[in-house]
Amino acid sequence: MVRFRETLASDNLVLPEAQFQTLAQTRPLRNDLEHGRTLTAPQFDLVESAIAIMNFVLVTVITERGSDAGPGTVSGSFVP
């Protein structure tokens, strides 16, 4: 998660700590899926929130990198 935080910082994107915690909670699910381990049923709300956070990050970074105005500091939060 350190590299992810560094990458966000290089794009001037700040997320609340609670959103990092949500992503951290889904990390074991991703790892189990990636490595072919048996999956437990994830909490739907947790996965939905993590997807919403990543959508926000992707759209923000793409928008900022493609902006003619240049990069700016983006701080945000949202409620999925």
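Which helices each supply at least two residues of the lining of the largest pocket? Helix 1, helix 2 and helix 3 (44-65) all do, with helices taken as DSSP runs of H or I of at least four residues, strands as runs of E of at least two, and both numbered from the N terminus. The model behind this is a predicted one, in which local features need pLDDT of at least 70 and side-chain atom pairs count only at pLDDT 80 or more, while totals for chains, interfaces and linings use all residues. Residues are numbered from 1 along each chain as its sequence is written, and side-chain values use heavy atoms, with hydrogens and water left out.

First, the overall layout. The protein has three helices and two strands, and from the N terminus on these run α-β-α-α-β. Of its 80 residues, 24% count as buried; buried here means under 20% relative accessible area, exposed means over 50%, and partly exposed is in between (1.4 Å probe, protein chains only). Take the contacts (heavy atoms within 4.5 Å) with a separation of 6 or more: residues 24 or more positions apart account for 60% of them.

A pocket, on a 1 Å grid over the protein atoms alone, is an open set of points where a 1.4 Å probe fits, with protein on both sides within 12 Å along at least five of seven lines; lining residues have an atom within 4 Å of a point. Of the 13 lining residues, Met1, Leu23, Thr26, Arg27 and Arg30 are the closest to the pocket centre. Helix 2 gives the most to the lining, with five residues. By type, the lining splits into nine nonpolar, one polar and three charged residues, where Ala, Val, Leu, Ile, Met, Phe, Trp, Tyr, Cys and Pro count as nonpolar, Asp, Glu, Lys and Arg as charged, and the others, Gly among them, as polar.

Leaving aside neighbours within four places in sequence, threonine 26 touches Leu46 and Ala50. Its C-alpha atom is 9.8 Å from that of isoleucine 51, 25 residues apart along the chain. Isoleucine 51 belongs to helix 3 and is partly exposed, with a relative accessible area of 48%.

Then there are the rings. The structure holds one aromatic pair. The ring centres of phenylalanine 4 and phenylalanine 20 are 6.2 Å apart and the planes meet at 75°, so the pair is edge-to-face (Phe, Tyr and Trp rings, the six-membered one for Trp, pair if their centres lie within 6.5 Å; planes over 60 degrees apart are edge-to-face, under 30 stacked, the rest tilted). The pair links distant parts of the chain, 16 residues apart: phenylalanine 4 is in helix 1 (residues 2-10) and phenylalanine 20 in helix 2 (residues 17-34). Phenylalanine 4 is partly exposed at 22%, whereas phenylalanine 20 is buried at 7%. Arginine 5 lies over the face of phenylalanine 20, 3.9 Å from the ring centre; the criterion is NZ of Lys or CZ of Arg within 6 Å of the centre and within 35 degrees of the ring normal.

Phenylalanine 20 also turns up among the contacts of leucine 8, along with Leu13, Leu15 and Val57, once neighbours within four places in sequence are left aside. Leucine 8 is in helix 1 and is buried, at 3% relative accessibility.
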